[in-house]
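Please read the sequence alongside the three-dimensional model shown here. The report that follows takes up a few features in turn, for a reader who is meeting this structure for the first time.

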Amino acid sequence: MATPDFIRDLRNSIGRQLLWLPGVSAVVFDGQGRVLLGKRVDTGGWSVIGGIPEPGEQPAETAVREVYEETAVRVVPEGIVLVETMPPTHYPNGDVCQFMDVTLRCRAVGGEARVNDDESLEVGWFAVDALPELEEYALTRIKRALEAGPAWFHGMEEERPGRHPEA
């Protein structure tokens, strides 16, 4: 993931200490029910497409922008899949970031999947029953995007519509 200029500016002030950031992930499906994945330059692993919103940018705008920038695929966001705080990420240069991720389910509406920037080694469409090796967070996002239910919130697994937490 290319580091946005505003984060570089912040790092000049705060050094390597923990930086709390928003993140947006897009689980993109095509008309055949396949999911769009990118093989990341920074980790070498496959994942859903995502990135950091620019200051003032809405999560849906971020999803559309990031998917196009990384894959050349045009998408329409259809709903919120989940909202989750990720564990801190420790980068090789010593930077530490923690992301509050908003994951959106998106529908592909145009473009041909290809590497479209320097953040991906490969991009491609995968049947959900034939996914490459993925980190658990990416598998969770895909699984939740396939569900027809409301958005999922970490720690709220026991909550059901109509039920109230006991005091």
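Contact means heavy atoms within 4.5 Å, while helices (H or I, at least four residues) and strands (E, at least two) are DSSP runs numbered from the N terminus. This is a predicted model, in which local features need pLDDT of at least 70 and side-chain atom pairs count only at pLDDT 80 or more, whereas totals for chains, interfaces and linings use all residues. Residues are numbered from 1 along each chain as its sequence is written, and side-chain values use heavy atoms, with hydrogens and water left out.

The confidence comes next. The protein chain has a mean pLDDT (the predictor's confidence in each residue, from 0 to 100) of 90, and 93% of its residues reach 70 or more. Over residues 162-167, however, the pLDDT is below 50, and this stretch has three contacts in the model beyond near neighbours in sequence. Where pLDDT is low, the predicted coordinates should not be read in detail.

In helix 3 (residues 136-146), the buried residues are Ala-138, Thr-140, Arg-141, Ile-142, Arg-144 and Ala-145; buried means under 20% relative accessible area, with exposed over 50% and partly exposed in between, for a 1.4 Å probe and protein chains only. The cover over these buried residues includes strand 1 (19-29), strand 2 (35-40), strand 3 (46-47), strand 5 (74-85), strand 7 (96-110) and strand 9 (152-153).

| Residue | Relative accessible area |
|---|---|
| Trp-46 | 15% |
| Gln-98 | 16% |
| Phe-126 | 17% |

Gln-98 lies in strand 7, and, leaving aside neighbours within four places in sequence, Gln-98 is in contact with residues including Leu-18, Trp-20, Thr-85 and Pro-88.

The structure holds one aromatic pair, where rings of Phe, Tyr and Trp (its six-membered ring) pair if their centres lie within 6.5 Å, and planes under 30 degrees apart count as stacked, over 60 as edge-to-face and the rest as tilted. Trp-46 and Phe-126 form this pair, which is edge-to-face, at 5.0 Å centre to centre with 75° between the planes. The pair links distant parts of the chain, since Trp-46 is in strand 3 and Phe-126 is in strand 8 (residues 120-126), 80 residues apart.

Elsewhere, the charged end of Arg-74 sits over the ring of Tyr-68, 3.7 Å from the ring centre; this term requires NZ of Lys or CZ of Arg within 6 Å of the ring centre and within 35 degrees of the ring normal.
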